[in-house]
Amino acid sequence: MNGTVYYLTTVLVYGGVDAIACLGLSQQFGIAGVTNFGFIIFQAAGAYVAGVLSLGPDTMYGGFQSYVGGLHLPFPLPWVGATVAGALLSLPFTFLVGRRLRGDFAAIGLLVTAVMLNLLVTNYVPLFNGAAGLSLVPSPLQGVLNPQSATYQWGYGAVAVALAVLAFLLVNRVTESPYGRSLRAMRDNDIVAESLGVNLRARRTSALVLGGALAGLSGGVLVGFINLWDPGAWGYAESIVLFAAVIIGGLGNHKGALLGAVLVPLGFEEATRFIPSSIGPPGFIPALQWVAIGALIVVFLWSRPQGVLPERRRRLAQRLLAPAPAKAEMLATSALPTLDGGTSPLPRRNGHAPVPGANEEVALQAVGLVRSFEGVRAVDGASMAFARGRLTGLIGPNGAGKSTALAMLAGTLPVSGGKIFLFGEDITSLPAYLRARRGLVRTFQLASEFKRLTVLENLLSAVPGQRGDSLGGALLGRRYWGAEEAAHIERAETLLAGFGMGQYADSYAGDLSGGQRRLVEIMRALMAEPSVLLLDEPMAGVHPDLAQKIGRFLLQLCAGGMTIVMVEHELAMMDEFCDPVIVMAEGKVLAEGPMAALRQRSDVVEAYLVG
Amino acid sequence: MSVFVASIGYGLVAAAVLAIASVGFTLQFAVTNVLNLAFAAVMITSAYVAYVVNASGVSVWLALVPAVAAGAVLSVLLNQVVYTPFQRRRASPIALVIVSLGMTLIIEYATQAAAGPNNVSYSMAQGPEAGVGAFQLTVVQYVIIGTSLALMAGTHLLMTYTRLGKSMRATAANRDLARACGIRTARVVTATWCISGAFCGLAGVVFAMNSGSFGATSADLFLVLILAAVFLGGPGEAYGAMLGAAVIGIATEVSASVVQPDYKDVVAFVVLLAMLARRPSGILGAPT
């Protein structure tokens, strides 16, 4: 076979292998935000499994290498095995990707695991044949075809590229589904995603599984071509090369991953092939190659963090938007009558409604809630009950423990003591995502929109129980979840129009003003169809006129049976909309009752003045 | 039994080397919240500086001075030129870890490009062995242990009694609040990176002395030990790093005598993963 054919087919196969691996990493890191510095070991595992599945028993070759397996399976079973191995290898890492661990700490754990596995493999001969690795790995179908022929080589290259194309279609299908959207939401802000019902551990594990499967497949394809499995080729630094490729290509854009695969792992190997090796001392050029990879990462993260091909904005709005009218007018003529104060059927509640009585159903209850931070008791034995269908206010001076109490109610913070009941059920030890799925949803004091999702996507991300919001549902495709999605978009657009935000449906949430972001957050929480809604300073930064309308809107939701708890500093809002109002000071409940009555109490007034 | 006793001795030396590095690493994390994975790369580069000076005929103990200076300068530059600008742009901790890995590749392989791929060693006398029974260490090893103990004591005095040490602790606890209280946090951060960089340079040389010969990538596995020691004690906790280094250093050497030398670092790895999974704030850190 002539040299040129050999060279070109090798480039083709390596290109395909690198592309598949980069797509796996792009899905895992660029979309789901899981920083798996051990990515390369998934490729190594796939290659090893494909190797031992296609090799015969290790005694067959005179016993010069030892390994487990040796099943001599026909093609394509070794490749299937490689894919499965990559997917299964994800499972032991599940414990690292829960909520409690900082992302960079988890990344360290995965990096160290990669270093250690490499150490074990190169030292443990019976299982992996030590540093020598495996050789004589059979080419696929080598009994039927002649692996040395040019046709076979070209065919192998074509198969590798075809698999890369299939992988691209697969990750795109997954990414453009509701499941992909919730992965991106998790990437942008995991704590908020969890508060909306996302099981972070399960989601991240599923991202590890899909990425790991692709990495495993790429390893299988590679080992069948080069017929070798060398543990030295899978050091931790090889993972960094793939990260460089995905970062340079563009995070969150699978086309970027393809471009990165061509530019970095493939391009670097090929470009430096033409540098004469006589330059510098031995090993000079390879060392500089690594320096260049490192420099590429740092320079790109600094000067163009979005990569060559940035993430594409998803335009989902279906409604043809009229030119935006003035904001106030928009609200007044809104399609959603509930935001229009004039038609509000509700009488104002201030002053004359009683404290929740025995005849009212308690939706949410906290008993003796305690939270300490390194000895400081932020919440110190607070008990409160929230009646169904009421808009309860929660006020108090700074540091009174309002937000901490809210975080414990929603499960964002674990309690140090006390119990929480939702409609009579003890939910004290339930994680936040399970509380959200039971209808207990919160918003956050600090901006918590998913920045790189559009406003419409932010809203859609909160819809519970979407058909396409699982890996399986996403794989079934748009035909499976599309109709339902259209209905959700319709609902979200109605809500957006009602809040006067219709024209921003396809804008990135991160680009909005502070007040607009608050609205996005409230609308997103409403999309979750909560039975109990906890709002942490929802009116901060919102125009007073709009705040009035939102207040009336919230009362209507309460009239419909929703229970709302609102932390707010603006006492005028409390006067007008909240009844009862709970006053907290120094971690305890100081008083409770209608706002007008509270204003008469000297201890309440004093707590505010001295607080 | 004698093997076990001997391994305790080696463990003490390993712990001494590890303690210098771990305290440096954890101080950097404490004041800047950066997991500087390029720490081991700076160590090795400093070790090479000592090697170049040593090869020109100067005693390796004198060569410590330029090596420690190199560690300090490189670390300050790393923080000032790379990490701080990224943090000013509010880059996520993950982005900084990726940047620090990029810097690892740059520093480590630039050193290799300059020094070549072969391992080198210092020309130095190890001195006679001394000890009781199976517990035998060379003079150099005693010196390493003594230096490390002195440094730990110095760290304690610095953190407890000096204005700089108190400012460092305040900056570590809450940087914005510290600045609001009139502490010049930028200076404190630079001073911390300078001190921890000096620790890093010193750790590089004693690491190289202790391993006999070294190459540009020799400290990659040592980084795992540093991380294990730091996370065992609690990231950002100087005393925690000392405790962690003592435990990890002795545990790895003892396991080398009990199991097999090739797998001695596995102990550190298991400890690190267990801490990450169960208590990422470490033994001395506050639980989350």
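This is a predicted model: local features need pLDDT of at least 70, side-chain atom pairs count only at pLDDT 80 or more; totals for chains, interfaces and linings use all residues.
## Confidence of the model

The mean pLDDT of chain A is 86, and 92% of its residues reach a score of at least 70. Two stretches of chain A fall below 50. In residues 322-338 of chain A the pLDDT stays under 50, and the model shows 24 contacts there beyond four places in sequence. Residues 340-356 of chain A likewise have a pLDDT below 50, with 30 contacts beyond near neighbours in sequence.

## Contact between chains A and B

The two chains meet through 35 residues of chain A and 35 residues of chain B. On the chain A side, the elements that supply two or more residues are helix H4 (103-123), helix H10 (236-249) and helix H12 (284-303). The chain A side comprises 25 nonpolar residues, six polar residues and four charged residues.

## Strand pairing and hairpins in chain A

Strand S1 (residues 362-373) of chain A pairs with strand S4 (residues 417-422) of chain A in the antiparallel sense, over five bridges. Within this pairing, Val370(A) has Gly417(A) in S4(A) as its bridge partner. S4(A) is also joined by two bridges to strand S5 (residues 425-426) of chain A, again in an antiparallel arrangement. Here Leu422(A) is bridged to Glu425(A) in S5(A). S4(A) and S5(A) make a hairpin with two residues between them, and Phe423(A) in the turn has a positive phi of about 50°.

A further antiparallel pairing links strand S9 (residues 581-585) of chain A to strand S10 (residues 588-593) of chain A over five bridges. Ala585(A) has Lys588(A) in S10(A) as its bridge partner. S9(A) and S10(A) also form a hairpin with two residues between them; in this turn, Glu586(A) has a positive phi of about 50°.

## Backbone geometry in the loops of chain A

Most residues other than glycine have a negative phi, and most peptide bonds are trans. The peptide bond from Phe75(A) to Pro76(A) is cis, with omega near 5°, and Pro76(A) lies in the loop between helix H2 (39-54) and helix H3 (77-88) of chain A. Asp579(A) and Pro580(A) are likewise joined by a cis peptide bond, with omega about 0°. Pro580(A) occupies the loop between helix H21 (571-577) and S9 of chain A.

Because 16 other C-beta atoms lie within 10 Å, Leu141(A) is classed as partly exposed. Glu537(A) counts as buried because it has 20 C-beta neighbours inside 10 Å, and 20 or more is the cut-off for a buried residue.

## Fold and dimensions of chain B

Chain B contains 11 helices and two strands. Along the sequence these elements follow the pattern α-α-α-α-β-β-α-α-α-α-α-α-α.

The C-alpha atoms of chain B fill a box of roughly 55 × 45 × 35 Å along the principal axes. A compact globule of 288 residues would have a radius of gyration near 19 Å, so the 18 Å of chain B agrees with that expectation. Of the 288 residues of chain B, 55% count as buried. Among the contacts in chain B with a separation of 6 or more, 75% join residues 24 or more positions apart.

Terms used. Residues are numbered from 1 along each chain as its sequence is written. Chains are lettered from A and ligands numbered from 1 in the order in which they are written. Two residues are in contact if their C-beta atoms, placed from the backbone, lie within 7 Å. Helices (H or I, at least four residues) and strands (E, at least two) are DSSP runs, numbered from the N terminus. Ala, Val, Leu, Ile, Met, Phe, Trp, Tyr, Cys and Pro count as nonpolar, Asp, Glu, Lys and Arg as charged, and the others, Gly among them, as polar. Two strands pair if DSSP finds at least two bridges between them. The radius of gyration is taken over C-alpha atoms; the globule rule is 2.2 Å times the number of residues to the power 0.38. A residue is buried if 20 or more other C-beta atoms lie within 10 Å of its own, exposed if 12 or fewer, and partly exposed in between; C-beta atoms are placed from the backbone. pLDDT is the predictor's confidence in each residue, from 0 to 100.
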